Amino acid sequence: MADARQRQDPPIQPGVTVGSLGASRIHDSAARHVAGEAVYIDDIAAPEGLLHAYLGLSRIAHGRLVSLDLAPVLAAPGVVAVLTAADIPGVNDISSTHRHDEPVFATQTILHHGQPLFAVVGETRQAARHAAALALAVYEEAPPVLDVAAARAAGGTLVTDPLKLERGDVAAALAASPRRLKGSMTIGGQDHFYLEGQIALAIPGEEEDMQVFSSTQHPSEVQHMVAQVLGVGSHAVTIEVRRMGGGFGGKETQSNLFACVAALAARKLKRPVKLRPDRDDDMIITGKRHDFVCDYEIGFDDAGHIHAVDAVYAARCGWNADLSGPVTDRALFHMDNCYFYPAVRARSEPLLTHTVSNTAFRGFGGPQGMVGAERFIEEVAFATGLDPLEVRRRNLYGGTPGEGPGRDLTPYHQTVTDNIAGEVIARLECSCDYRARQAAMREANAKSPIVKRGLALTPVKFGISFTATWYNQAGALVHVYTDGTVMLNHGGTEMGQGLYTKVAQVVAQSFGIGLDQIKITATTTGKVPNTSATAASSGSDLNGMAALDACETIKTRLVAFAAQHWQESPDSIVFRQGFVQVGAREIAFVDLVKAAYMGRVQLSATGFYATPKIHWDRKAGRGQPFYYFAYGAAAAEVAIDTLTGEYKVERVDILHDCGTSLNPAIDKGQIEGGFIQGMGWLTTEELVWDEKGVLKTHAPSTYKIPVASDRPRIVNVALLEDAPNREPTIHRSKAVGEPPLMLAISVLHALSDAVASVGGHRVCPRLDTPATPERVLAAVERVRTEAGL
Amino acid sequence: MRETLRFLLGDELIEIAPCDPTLTVLDWLRLERRLTGSKEGCAEGDCGACTVVVGRLDRCRLRYEAINACIRFLPTLDGCQILTVEHLKRPDGSLHPVQQAMVDCHGSQCGFCTPGIVMSLFALWLNENTPSVARIEDALAGNLCRCTGYEPIIAAAQRMYHLDEAEWFDRDAVADTLRALADMETLALTSPKGRFLAPATVNALADLVMAHPQATLVAGATDVGLWVTKGMRRLDPVISLGRIEALREIADRGDHIVFGAMATHAEVRPVLASLSPQLDELMRRFGGEQVRNAGTIGGNIANGSPIGDLPPALIALGASLVLRRGGEQRDIPLEDFFLDYRKQDRREGEFVEAVIVPKLPRDAEFHISKISKRFDEDISAVCGAFLLEIGRDGWITDARLAYGGLAGIPKRALETEAALIGRAWDDAAVDDAILALPRDFTPLSDMRASAGYRLAMAGNLLRRFLIETTRPGVETRVAGLLAEARHG
């Protein structure tokens, strides 16, 4: 195994040759990133007359706004205008699920600390920001409901309809199980901490036209929201984004507010307006990953087979529904991870709380569901005395030979047809030397009174497709110019994940041209309409296929033209890498294009793709919500200090399934980055609200995402080889945005394994998340006490 | 008096008057110069997206350091050279080795942190040759990346040394220019937003502080910067101590070391490290590299943070302060300087001139532990620094136990010390000491840790100290320099 210390990646040269699909091409913007030349919205040269908006926020978490005196704000130096709900010509609502529960500006009811009450527009950002603090608001405070326990105690108001998944008779199966246990797990939330905060720049045009540069994963939704708030048609609004400085789900719906306020101000003042909140305000205003409480009852036997699971997933959703419905749904869709439950019932409880409205975050509830599944496994392992990995293996879909059919049905009644979890686990177990290292570690632990080491191998199975089935569509626009260069546009947004690069590779491969001949242009609602959010890991699956469709359309025209022009059979015309084969001729792409133009052939096309096969009946809790599953596994080794709870991840081995990778370097980046982000979620990233509902961890000084030294000392990442997607996805690849985040669950269980060592591996540590040093130490002490040591 | 701010931006001489005293370097670059490569990620010096490299004369030698542009006031860079990510490409437009290595290794994804990371690596490239992975991680501790998981960035930091190393700018010419800019005049900038005063001598400073007792004294601005960017405070006047060479001096006086108040953490670290590897590790974990390059030993103390990573260690060592008021000096023990939460024994017109740190007594046992949620670049939940003097007979003759994070100020645990003095250094003594801790401290719960954990740590760190001093074979630390030694 290679040590990260000695790691020397071979140099990979920029793409100048053709045949790029499946190659490790560098990110299309890499050279601009490193030179500071990549333009983010705050870097766009200020349009003439630019003004700056800033939001005025509620200082209480719950209650009534009795009065709001904005005279001091308006009187502040450099202030041009103030805006409240009364200034909204359209609808004061930006609810992404059209529940009318998310006003742009609060009017009376205050539902969280940091809720926007008004905006101030100034000549400079500083003037607006300083003035925003001068508002005189009078509140009538009500006690805030801040977490799951409090929400339940207050009657459990839900922000959206809950979901129930059920298969088999759970009560009977539990009753018939040889053994049963109950437990509860608290799973923490997570701030996205995209490095580029929320931002929008609105430029008014003639009549009702409005162009908004928005750092968003969902330009079409921003377009609809701006239109709704301004009271104009969507055709009057154009949203554009070339790149985001990170999204991770935090710019799927949360960008709406900033775009709408900027547009509102631009409309009212007839001048361009930019809105960029300070990092602290960004964290105080915007939603985060949902924290959950998972209450469970498991029926199992002495051989570690799970017979039944009954679990409730209660989530702190915050002050409005936002995406909490689909997020909590996805938690339930992943409450099985890779495991078959003969009888199962899972219920969601999306609770209203007076906190930020929790939202999409890489994994979208899936990680929380999966963390619960791994807790079930751990419970059974400790109850039976079996190694957790053995319990995992015994409960995999498909099961062990001879157990009969039927062990492939999920709690939502989709049959798992592409299961490779067992194979992935087996390969990783072998390559990481799990057994020998575990034995050596336990021996060393016995001789080490303070520092204890732990090892865990956990698998991932993640469902690919939006569970909102209609979202599984995409469009693309491809122009071929007469010099043979190509303009590529599609509905997906670039947030660093390399989507633009991958789709350009698809187009380059399709035409047989170099990446340098393709210009990837900014995502804009004016070029490709009615797009879905770039989310659910779907970006390259959907947009790659849509772009390919556009290329195929153009190629079909070119083939027809060439056949006629050169009097060859259409079958003899093939787009090779670097030239077009026309019968015996080898014709340069540019020459074909030029000839086709002279022959009056349309060299521009749109493309479209809709994911096949999928369907979902939410009321019945049945269907095939996922086109396929992405798999992976990770083995993490940690050392903990039993005096302080401090820990270090010493090594991780990862084997991940990208199908046939479109770009192994970019996929590896997603895997490594996702793992570290997941590790942060489960370890040091802790969100703390005080009793008044004020977020106390609202900046990187208090909210701790991983730094370079938090990387495991040894990182071995491998892509599963020779494992094409069984479905005909683009290049037989698999989605890779979200699944790797859940590889980090191995870290939580390695910590748990180390904690368990203080009790002779007899007491289940039940380590909740985030597993901060304080929580690890508390678990150490509890395990010691319960083990009677 | 000089009324014009002068510095180099790349190789361009910039002269500015008037100048807002608290205009940040980042706002100036982005808004006034349209150099938008440097990014604002947090505006508090924690994420590093704004990192620029500053060249300054350090005793006539040119020294390059990464700093956070977001919390640094532009006028404090008088007489310096600012290099941003825009300055790295060679004149022919080709990428600098640091940039090329980042491209080659897939070191950027969203790219927003990338300019800052490039600049941190550039500073490393300028100053060190083939650093270890641990050292690279240190150099990047002040740079957050949310996309990559850092693996390819570390790979780039290794690869950059294998690319063409030719330097494309003339250091000697820069040094000459900066030397020509240096003068002993007090820099006095006025603007509608306030005054900025930067004396060049200690005497001039003493006079200015007496004349403007309400002035905000700025050292590295790693905290004061946030008063402006987060607190939105207007500071007027600002007196910057940054131009006074004499305040940066570090002198070894035999049994003690005198640190000028303006010695930065980066400058202080090797000197403290020579006293104890425990101090080396404490300083390594102090903020990120950019903060260590800007923040000063005097600023860390005078700022009066209840945590202040350095004061517990200095109190345990028995450090004292030299306070200066006009022509008068007084020495006080550091522990007496901290009166109450954010309240210090600093009189009107007085400033911290120097910190006197005694070297460790022979036969002393010394220990520092810092507990934080994240191991590097985090503020401690609890920091404990312990010095024990143990006689030949094995009895503890003196104990100085200082803690941060347990009270409103960094504070000695006098009751706990008393429980140890006169005892053998063993489990029984530690058990009794731990029982005494609640008499010394009633910690609070906050977002960093609960009161219970804090108090438990106060005791467990004493246990760790005992194990480390009496059972050398036992592994006690999992991360950082003191653990890395194990891993080779």
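Predicted model: local features only at pLDDT ≥ 70, side-chain atom pairs only at ≥ 80, totals over all residues.
How many nonpolar, polar and charged residues does the lining of the second largest pocket have?

## Second largest pocket

By class, 22 nonpolar, 10 polar and 16 charged residues make up the lining of the second largest pocket. The volume of this pocket is about 1300 Å³. Its lining comprises 48 residues, of which Thr124(A), Arg125(A), Gln126(A), Asp27(B) and Leu31(B) are the closest to the centre.

Two or more lining residues of this pocket come from each of α3 (125–132) and β12 (273–275) in chain A, and from each of α1 (25–32) and α8 (224–229) in chain B.

## Overall form of chain A

Chain A contains 19 helices and 29 strands. The C-alpha trace of chain A extends over about 85 × 80 × 50 Å along its principal axes.

For 789 residues, a compact globule would have a radius of gyration near 28 Å; the value for chain A is 27 Å, which agrees.

## Cavities

There are 14 cavities of 30 Å³ or more in the structure. The largest cavity has a volume of about 420 Å³. It is lined by 29 residues, and those closest to its centre are Met495(A), Gln497(A), Ser537(A), Gln670(A) and Gly737(A). Helices α14 (499–511) and α15 (539–565) of chain A are the elements that each give two or more residues to this lining. By class, the lining of the largest cavity divides into 11 nonpolar, 14 polar and four charged residues.

The second largest cavity has a volume of about 330 Å³. Among its 24 lining residues, Lys648(A), Ser709(A), Asp710(A), Phe375(B) and Ala479(B) are the closest to the centre. The elements giving two or more residues to this lining are β28 (647–656) of chain A, with α4 (133–139) and α18 (481–487) of chain B. Its lining residues comprise nine nonpolar, five polar and 10 charged.

Two packed helices are described by the angle between their axes and the distance between the axes. Helix α19 of chain A (residues 773–786) packs against helix α17 of chain B (residues 451–470) at an angle of about 75°, and the axes are 11 Å apart. Angles of 65 to 115 degrees count as roughly perpendicular, and α19(A) and α17(B) are therefore roughly perpendicular to each other.

In this contact, Pro773(A), Glu774(A) and Leu777(A) of α19(A) meet Tyr453(B), Met457(B) and Asn460(B) of α17(B). The contact residues comprise four nonpolar, one polar and one charged.

Key
Residues numbered from 1 in each chain as written. Chains lettered and ligands numbered in written order. Heavy atoms only, no water. Axes fitted to C-alpha atoms, helices over the stretch in contact; angles between N-to-C directions. Helix = DSSP H or I, 4+ residues; strand = E, 2+ residues; numbered from the N terminus. Parallel < 35°, antiparallel > 145°, perpendicular 65-115°, else oblique. Contact = heavy atoms within 4.5 Å. Nonpolar A, V, L, I, M, F, W, Y, C, P; charged D, E, K, R; others polar. 1 Å grid on protein atoms, 1.4 Å probe; cavity = no way out; pocket = protein on both sides within 12 Å on 5 of 7 lines; lining within 4 Å. Points joined across faces, edges and corners; volume = space filled by probe spheres on them. Rg over C-alpha atoms; globule rule 2.2 N^0.38 Å.
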